[in-house]
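Good morning, everyone, and thank you for making time for this.

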Amino acid sequence: MKLTELKRGEKARIIKIGKIGELKKRLVDMGVTAGEIIKLERNAPLGDPQEFIVKSTNIAIRKQDAQNIEIEIDG
């Protein structure tokens, strides 16, 4: 499942971050790593970017980048 498929308020576990160039290093530095729990907080008024919470930190990620992040719903 892709991060873009997460619904508002849902939590998921990050499985893998695909090839998104320099952004991958920045995301990893902010705690967006495999095994972490991520929650969709809200969408921007026009739907892009989306705001997520990881390790108590709010992070905005564009949908085109979120499409490259694999997740599984955290039961």
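Predicted model: local features only at pLDDT ≥ 70, side-chain atom pairs only at ≥ 80, totals over all residues.

Let me begin with Lys55, which has a relative accessibility of 52% and therefore counts as exposed, since the cut-off for that word is over 50%. Lys55 sits in the loop between β3, which covers residues 50-54, and β4, which covers residues 57-61. For background, most residues other than glycine have a negative phi.

Ser56 belongs to this part of the chain too, with its place in the loop between β3 and β4. Ser56 also has a positive phi, of about 65°, and here again the residue is not a glycine. Is Ser56 buried or exposed? With a relative accessible area of 73%, Ser56 is exposed, because the value lies over 50%.

Now please turn to Asp65, whose place is in helix α2, made of residues 63-66. The relative accessibility of Asp65 is 8%, and because buried means under 20%, this residue counts as buried. Which residues does Asp65 touch, if we leave out those up to four places away in sequence? The answer is Ile20 and Leu23.

Let us step back to the whole chain, which has two helices and five strands. If you read along the sequence, these elements follow the pattern β-α-β-β-β-α-β. The radius of gyration is 11 Å, close to the 11 Å that the globule rule gives for 75 residues, so the chain is as compact as a globular protein of that length. Along its principal axes, the C-alpha trace spans about 30 × 25 × 25 Å.

How do the residues of this chain meet one another? Among contacts between residues at least 6 apart in sequence, 58% join residues that are at least 24 apart. Of the 75 residues, 32% count as buried, and Asp65, as we saw, is a buried residue.

I will finish with the surface and the charges. The accessible surface of the chain comes to about 4700 Å², and 47% of that belongs to carbon and sulfur atoms.

Note on methods. Residues numbered from 1 in each chain as written. Heavy atoms only, no water. Helix = DSSP H or I, 4+ residues; strand = E, 2+ residues; numbered from the N terminus. Buried < 20%, exposed > 50% of the residue type's maximum accessible area, 1.4 Å probe, protein only. Contact = heavy atoms within 4.5 Å. Rg over C-alpha atoms; globule rule 2.2 N^0.38 Å. Areas by Shrake-Rupley, 256 points an atom, 1.4 Å probe, with all protein chains shown as cover.
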